[in-house]
Amino acid sequence: MPITRMRMRPWLEMQINSNQIPGLIWINKEEMIFQIPWKHAAKHGWDINKDACLFRSWAIHTGRYKAGEKEPDPKTWKANFRCAMNSLPDIEEVKDQSRNKGSSAVRVYRMLPPLTKNQRKERKSKSSRDAKSKAKRKSCGDSSPDTFSDGLSSSTLPDDHSSYTAQGYVGQDLEVERDLTPAFGADRVAADKRGWEGVPTQ
C-alpha cells in the first residue's frame with residue numbers, strides 16, 4: 001500500500017526530530033525555531049548527499065523524483081522545496097538569523113501556532129472576499145466580445161434594410177467627381193456608374 005503523502009509541516013517536524021539530516025536542527029524547540037542547511041551548489045565542498053539530502057527527500061516524498069528513473073536534479077529539488085516553504089501559512093522565515101552566503105549558509109524558520117477555527121474561517125472569508133472584488137474589478141474593466149454583441153443586439157435597427165442600397169449615393173459621388181475632373185468624358189462616367197451600381201460605398 002502506498003505511503004500517504006503528509007503535509008509539509010508535519011513531514012518537516014519528523015525530519016528534524018529524526019536527526020538524520022546534517023544541519024537540520026531545532027535552534028529553539030520551545031519557540032519552534034529551526035534551521036535548514038542552505039549551502040549553494042557552486043560552493044567548494046558541496047556534496048549532493050550531504051547538502052541536498054533534505055530537498056531530495058521532499059522530492060521523493062512528493063513523487064517528483066524516483067531514484068533510478070531520472071537524473072538527480074538538486075537545483076530543481078531546492079527550488080521546489082523553497083516554493084513549498086514560502087507557500088505555507090504556518091511557517092515563516094526568521095530573516096535576521098538566516099545566513100545566505102558561505103559554506104555554512106542556513107535558513108532559519110519558525111513554525112507558527114496552528115490557526116484557531118475562527119482564524120481559519122476569517123482567513124477563508126477574507127480570501128473569498130478578495131476573489132469576489134477582483135472578479136468585480138475585472139468585469140468592470142474589461143469589455144468582452146459578449147459585451148459588444150449584447151450592446152448591438154439591444155440597439156434599435158430596422159427589420160427592412162432595403163433603404164441601405166448604395167444606388168442613391170453613387171450618383172452623387174460621381175456628380176462631384178465629374179465637377180472636379182472635367183477631363184472625364186460622359187461615357188467614362190456612365191461606365192463607372194454602371195460598374196458601381198449596387199456596391200456599397202465606403
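Entry 1, burial. I call a residue buried when its relative accessible area is under 20%, and exposed when that area is over 50%. The model is a predicted one, and I keep that in mind throughout. By this cut-off, 23% of the 202 residues of the chain count as buried. I then looked up the accessible surface of the chain, which comes to about 15300 Å². Carbon and sulfur atoms hold 53% of that surface.

I counted eight helices and four strands in the chain. Read from the N terminus, the order is α-β-β-α-α-α-β-β-α-α-α-α. I also checked the contacts with a separation of 6 or more: 52% of them join residues 24 or more positions apart.

I took S2 (residues 33–37) with S4 (residues 106–111) and found five bridges in the antiparallel sense. Isoleucine 36 has arginine 107 as its bridge partner in S4. On to S3: this strand pairs with S4 over three bridges, again antiparallel. There, glutamate 92 is bridged to arginine 110 of S4. Is S4 mostly covered or mostly open? Mostly covered: five of its six residues are buried.

My search of the whole structure gave seven aromatic pairs. One of them is tryptophan 38 with phenylalanine 81. Their ring centres are 6.3 Å apart and the planes make an angle of 55 degrees, so the pair counts as tilted. Where in the chain do the two residues of this pair sit? Tryptophan 38 is in the loop between S2 and helix H2 (48–51), whereas phenylalanine 81 belongs to helix H4 (residues 74–87). The two are 43 residues apart, and the pair links distant parts of the chain. I checked cover as well: tryptophan 38 and phenylalanine 81 are both buried.

Entry 6, a cluster. I noted one aromatic cluster formed by Trp26, Phe34 and Tyr109.

Key:
Residues are numbered from 1 along each chain as its sequence is written. This is a predicted model: local features need pLDDT of at least 70, side-chain atom pairs count only at pLDDT 80 or more; totals for chains, interfaces and linings use all residues. Side-chain values use heavy atoms; hydrogens and water are left out. Two strands pair if DSSP finds at least two bridges between them. Buried means under 20% relative accessible area, exposed over 50%, partly exposed in between (1.4 Å probe, protein chains only). Rings of Phe, Tyr and Trp (its six-membered ring) pair if their centres lie within 6.5 Å; planes under 30 degrees apart count as stacked, over 60 as edge-to-face and the rest as tilted. Contact means heavy atoms within 4.5 Å. Accessible areas come from the Shrake-Rupley method with a 1.4 Å probe; for residues, only the protein chains shown count as cover.
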